[in-house]
Structures are given as structure tokens and as C-alpha cells.
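Colleague: I'd like to learn how to read helix packing in a model. Could you take me through an example?

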Amino acid sequence: MLAAAGALLTGCGGGSGSTRLVVSAAASMTEALNACAPQFEKAEHASVKQSFAGSDVLAAQIRQGARVDVYAAANTKLPDQLHADGLIGTPLRFATNELVLAVPKGSTIRTIDDVARPGTKLVIGSATVPIGSYTRQTLAKLPAAKEKAILANVRSDEPDVKGIVGKLTQGAADAGFVYVTDVRAANGRLTAIRLPARLEPRVTYGAAVVTKAKQPALARRYVDGLDKGDCASALRSAGFGPAP
Amino acid sequence: MRRGGWFGIVLALCLALALTFLTVPVAAIFAHSTPRDLVSTLGDRSSLDALWLSLRTTAVSMAIILAVGTPAAYLLATRSFRGKALVVTLVELPLVLPPAVAGIALLAAVGPSGILGGAVDAAGIELSFTTAGVVVALTFVSSPFYVRQAMAAFAAVDRSLLDASRTLGASEARGFLRVVIPVALPGLASGAALALGRALGEFGATLMFAGSFRGVTQTVPLAIYDRFSTDFDAALALSAVLVAVSAAILLAVKLVQGGAALGGWQAE
Amino acid sequence: MLSVETRTAVGALRLEVELTVEPGECLALAGPSGAGKTSVLRVAAGLLRPAEGRVRANGETWLDTAKGLDVPAERRRCGYVFQDYALFPHLSAWQNVAYALRGLGRRERRGRALELLERLGLGDRAEARPASLSGGERQRVALARAVARDPDVLLLDEPLSALDARTRAAAARELAEVLRGTESPSLLVTHDFGEAAQLGNRVGIIDAGRIVQEGTPSELAAAPRSAFVADFTGAVVLTGTARPGNDGLTHVGLDGGGEVASVDRGDGPVAVSVYPWEIAIEPAGEPRHGSAQNRLGVEVLSVTAIGNRVRLGLAGPQPLAAEVTQAAADALGLRPGANVTASWKAAATRLVAR
């Protein structure tokens, strides 16, 4: 009976049951990577298990010894820190993204100034998750009074970008700072308001093979595939920019 | 078979396994935190905010659950009516819903785009991003725990006691307060403990329904998740404080049960 | 005065009862389990609403289904002693007794409760909880609780059945005293005719939802109207076929053999009843002497001592029971297996049609 339970726990997923790749990826890549995983599985005769969450939480899990093969984050800071601590290999910069101000379709909000108006319900990421730190970086570039007014309208510090998207599509929030790829993934329910170039942060995604990976060779091929391969195409289709 | 033969050994082994599985993670929390960490956690403003928020929202939630759930459970335990089985299932349903599903359910009901969202809005009630929203989420996920236990406790009360109370001149309402509740108290207390534990630990539905903002909606579980990525030790320390608070509450409930059993309840 | 009239179905039982109890009187309803006795009490108390019924107590109408009147149980001034006492487990003895005393200060309620408990010999157990009281003590607390607020009507459901035999005798004497001392009409139900006879001024035999006979205990024992009543009141009941004889007596051929005579008239299938204490025992084989007409050869099956008497289980063509003094039993050497003759008078033999 224990053997059966064990088989149940490990045997799910597509592809061949024997080789399994475990990937921790930033929440913003959910739709794109779910789209390209089956192709990877077929090509490699392996199964891929992908977990999506805030890049900071995924990094903390790896620090705590989580057995993952690949780490793909929405910034370069977190991978660089992990690399400095010897937990992952040299990070590969494989994609870029754009920070936008998202509003529900049909909203009267047009510019970033509009979200400084009192009473606006704004949702951003928490300080430690990439989307949240990019947002705070951007707001810091505004005049102090405006930054303060906008931050005063923040009603939730979500742990990952999909939480922000959820609050927007629910209709609970008036505006939120997300990636342009998230607006695309929302299938028309959200409108993206692009930010002035001078405010726009450099959003670069980094990925690497985890040092203690069980499938290092397979992991390497996955990471490379994020830059040039099926997954790279999927990311492009979703609106991610190419590697810098 | 001798008593304490191989069957007894299997029982003991299973208990040892269960005990280890349950206590080691809890012990590990305290193993990592020094008393200094715990104290400094308590001194950290945002941790205190989270603790205070958790206690407030749980207390309000429990008050609602007890006030509304107790009479409801009594009705379900003592009367039969058409469709009763369905009603009982509906009441118990949130019990088996994963927290995320509970969050979705709440959104679909009273969220801004929910079926009752318009009515809630028209009434001037704000639930998203508010402490009230947290209370709604906690009440939704925890009430079945209490109502179920309360139903069992009321059903176990000897019917002749209520009959006796009526023949002695007390209306059914008075009999409920002076006889049924005191006699059912141990069962009610354990139901309350379960509900309270569930409320204190609620995460997913709260995050989805009310969001996470310090002092307003970021309860201890959400604060732990927030800290986990950057300051694991702070997360541990906050967890330790929550465990200690939960243990204290559980102990208090046990004392109430013990007191009631020993007859400490005075009906004056 | 209490009057209860009801016609209703309780589960599979069809209950049809009409009774009246005068002030100061106790009517004991005796019958087998399932006869509907408790249901009658519950109708009187307002705990069971019958399809049709009328309950009047102390000049007030508590129930009249025809007029749609149903005073809720909590507004009827009944004292109800439940079969398992239904004492509130979380309250002490005096708090149980004082439960019904509302509108008085705490000190006064306690005082009244203590007074009642003392009268029943439980003064020193006033603070104890029901769990630490003995069966007999609990019964007395239940009784005190029922009478605490001077109810208009006293209802007792098998008040002694939960007690062991030894406690029962003392409790029965005590209860009889309480019942005698109260002005309220009392309605008591029991499955034991002896208990009914001891506690009730009048006894009603209830079977399958109906009162089949009502009267004083001795009336019922002396003139049972049916085999059931005769059996229930403790008589020996034999079955047989009767035919009038030329000597003015009725002769009954017993099923299984033997013949007895009775002064009662009867014809065809009958039940013959006689009381155990009317049956005398003689050593077997002795010729008839004395006026007793009825003689049957029997074997002693069991010998049970009851105080200074002995109850003999006898096996004849049909089973019989006889009661003789201990002294007589010793003198005759009555032991299981002994063959003896059971004899009794035709005048003590009752016949009822079957």
C-alpha cells in the first residue's frame, strides 16, 4: 500500500515517468511556460513539473534546500544572489519585460498621474518580489509628493504578480502595476498604460541550473531553451522581449 | 491473543509515528528561534500589527460564529424538516473546500463582480482590501468546524432534560440557555477551538478576497509568507509566536471543558 | 381535579383514554410496557399534542383540540417526575430543586430548596451533583424538584422502577406519604400492579392504549373483568372449557387435564383465576378433607422466600403458583421435586370468558 502511495505521489505528469525536471519559475511566465512545456517533454522524453510563484519565495525555497533543477526569475538580482551563495550556476539573461500600469477595461484612468488621485484603489507587489521592487524603483523616480500620493493609494502588497492581476480582473482594484505580458494574458479584460521611457525600469529575466539539480544536463537544455528554443518562442508570443 | 501482544505493539507504533509527525515540525520552529529572536519579533512593528490584526479579526469572526452558529446548530440538531440533509450538507460544505476555492467562492458571491456585489456596494459596505473582508473570509472557512461540532453536542443532550425544564416552567428559550448549553458545553468548546485554529491559520481565501496589506489585511499567516523570502528567521519567530498563542487558546478551551465536566458551571 | 381525555395515535399504538383524578387523590395507571402509560402523562403535561384531546386541571383548561386551545407545557403547573429523573447534571441538588422557583431572591430559593430536601432526608446532600448521588437519592431530588413550586397536578412516570429492590421498599413508603400529604391530584404510571396498589387510591389497568378496568386495588384483584386484568393483578390463570353443572357450580375441564369448580357462571372457553395465597398445599396422596373443592396434583418447581412467606412455583397440567408461610413450607418439607396437592375453594375461583 505504501508503494502504491509512493507511485501516486511521484508518477503524475505527462511524458515518460522516469525522468522528471522540476522548474521554479516566476509567476509572470505561467501562461507562456505552460504552453511550451509539452513540446519540451516530447522532445526530451521526460516530464516537466513547473511551479510558479513570486521569484523571491522560489529563491527562499531553494535556500531552504528545495530540490529543484531550474530557477527562472523575473529579475537578475535574485539569481545573482543565489549564484554568489553557490546555490545556482551562472545566470543566463534570457528575456526582458515591460512594467506597465494596468487598469480594468473601460477605466477612466489614463496616466500614472491619475493614480495619484485620492480614493484610487491601487494594488502593487510586495517589496521583495521583483514586480514590487520594479514598481517602487519606478515610483521613486517621480517627484516625492507624487510618489507619496500614489503609495498612499496602495491597498494591497501582493506576493506575486498574478495576485495583482486577479484583483484587477475581479474589479476590486482600480489600477495595478504589472508586466505587459500579464495584460496580454488577461485576454482583453485589462488595458495596459505604458509608462514614460524615463520611468521605465530595466526588467531583465535570469535563469540558471540549480547546483544540486538531479537532472543537470536536462536542466541545462531547458535553460538554454528559454533563450533559443520552443520556450523562447512561447515567451516571445506572450509578449516578452528577447534577451538583452 | 495476549493483551499487549503484536496488536498492542502495532497500536503503539502508529501512535509514535503520528506523534512524531505532528510534533517535530512544531518543535523545529522553536529549535531555530532563540528567545531573543522571539522578543525582537514582538518588538517589530509590522509583526505586532500582524498579530494584533489576526487576534482582532479572529475574535470578531468567532463572535459571529458563536452567536449565529449556536442557534443554527441547535435547530439542525433538534428539529427535522424537509430537505434537512441538504441544508446540513450546505452548512458543512466550506469544510471540504480548499482555501483557494473558498476565496473564489467568496469573490463570486460578494466580491466586486460577484452576484451580490452590487447589493454590498449599494449598502455602502466595502469588503475588498478591508479588515471586514478578512473577517468575512475567516467566518466563511471556520464556521463549519464549529457548527458541525455544536450539532453533535446538542444532539447528544438528553431530550428529557429539556422536557423537564419545560415542566418546571421554563420556556424553550430559557431551557436552551440554562440547561442545553451548559450540558453541551464541552462539545461546543471543542468546536470553537477547531474553528478558532482554522481562523488563525487562514491564508489563501484571505489573500484572494481581501488582499495583503500591513495593519489592514495582512494577518500573521500572510505576514509569515511575506517575510519568508527575505528574512526566514523573522518568519520562524512569528510562527513561534502564533504557535504559542494557539497553544494558549487550546489550553484555555481544555480548562473550560474540564471545568464544565467537574461541574464548575453555576446557573445562577 | 385533573381530567384527561385523549384519542390519538402514538406510533403504531392507538391511544384512547378518559380519566379523572380528584384533588388529594392518586390514580395509578398500571400496564405492560408499550401500553401507552407514559403517553398519557405527556399529554397531561403538554409534552405530547394528541390528535384529539381535552385536559382540564384545577378549573383551567389546558388542552382542548376541538377549540384549538393548547397551553404550552411551561405554562401548565405540573410537577413531573421522569422515569430516569432527568436531573440537570450541571446543577447541584438544591439548584435542581430551586430551578422552578423564579421571581424569588437567591437566598429564599435556596432556603425553600433546602427545606424540601431536608424533609426528604437529603439535607446534607444539598450541594452534591446528581452524578455523585445514589439512585434513591436522585429519586428523592427529582420528587422534591417536582413539588417545589406547589404544582396543580403531580405526574409520576415509573417513579420507583429505576431503584433496586431494597431501596424501592423504603422509597415506596416515602412516596406514598408524599402523595397522601398533597392536595394536588396525582397521576402515576407503573408496570407493577403491586406498586400501583401501594401508591394509588384507585388503579386503572391500561393495555394497548385503553383503560380496561378501573377501581380500587382490591376491587381489581377481587373482580377482574378480563383474563388480562386477572393476570396482571397477579392471579394464577388457567385455561379450560366450562359447562354448568347440576350442583349449581360451574365445572371447568382444564386444558391439559384436571377439573376444577367455580361458583361463577360460565360456559365454553374460560380463563380460571385464583390468587396464590388462596391455594393451600397438602402432601400428595392424602384424601380430601375440608371444604376445598378444587384439588390438583402438582410438582414443586421452585421455592422463593419473601419475608416470612414462601412463593412456590408449581408444575401441574398448567403452571400454578401458591404462597404459604415459611413455617408451613418447613413443616411440609417443600423442596423442588416434591409432589404435593394444591387445593383451593370453588368460592375463590374466578371465571372470565376467553
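This is a predicted model: local features need pLDDT of at least 70, side-chain atom pairs count only at pLDDT 80 or more; totals for chains, interfaces and linings use all residues.

Colleague: What do we call the way α5(B) and α7(B) lie to each other?

Modeller: Angles of 65 to 115 degrees count as roughly perpendicular and those over 145 as roughly antiparallel. With a crossing at roughly 120°, α5(B) and α7(B) are therefore oblique to each other. Their crossing is right-handed.

Colleague: Which residues of α5(B) and α7(B) make the contact?

Modeller: From α5(B) you have Pro99(B), Ala102(B), Leu106(B) and Val110(B), and they meet Val136(B), Ala137(B), Phe140(B) and Val141(B) of α7(B). Sorted by class, that's eight nonpolar residues, with no polar and no charged ones.

Colleague: Let's move on to chain C. How many helices and strands does chain C have?

Modeller: Chain C has nine helices and 21 strands. Its C-alpha atoms fill a box of roughly 80 × 50 × 30 Å along the principal axes, and 44% of the 354 residues of chain C count as buried.

Colleague: And what about confidence: what pLDDT does chain A average?

Modeller: Chain A averages 90, and 93% of the residues score at least 70. Check residues 11-15 of chain A, though: pLDDT stays under 50 there.

How values were computed
Residues are numbered from 1 along each chain as its sequence is written. Chains are lettered from A and ligands numbered from 1 in the order in which they are written. Axes are lines fitted to C-alpha atoms, for helices over the stretch in contact, and angles run from 0 to 180 degrees between N-to-C directions. Helices (H or I, at least four residues) and strands (E, at least two) are DSSP runs, numbered from the N terminus. Angles under 35 degrees count as roughly parallel, over 145 as roughly antiparallel, 65 to 115 as roughly perpendicular and the rest as oblique. A crossing is left-handed if the near helix is turned anticlockwise from the far one by less than a right angle, and right-handed if clockwise. Two residues are in contact if their C-beta atoms, placed from the backbone, lie within 7 Å. Ala, Val, Leu, Ile, Met, Phe, Trp, Tyr, Cys and Pro count as nonpolar, Asp, Glu, Lys and Arg as charged, and the others, Gly among them, as polar. A residue is buried if 20 or more other C-beta atoms lie within 10 Å of its own, exposed if 12 or fewer, and partly exposed in between; C-beta atoms are placed from the backbone. pLDDT is the predictor's confidence in each residue, from 0 to 100.
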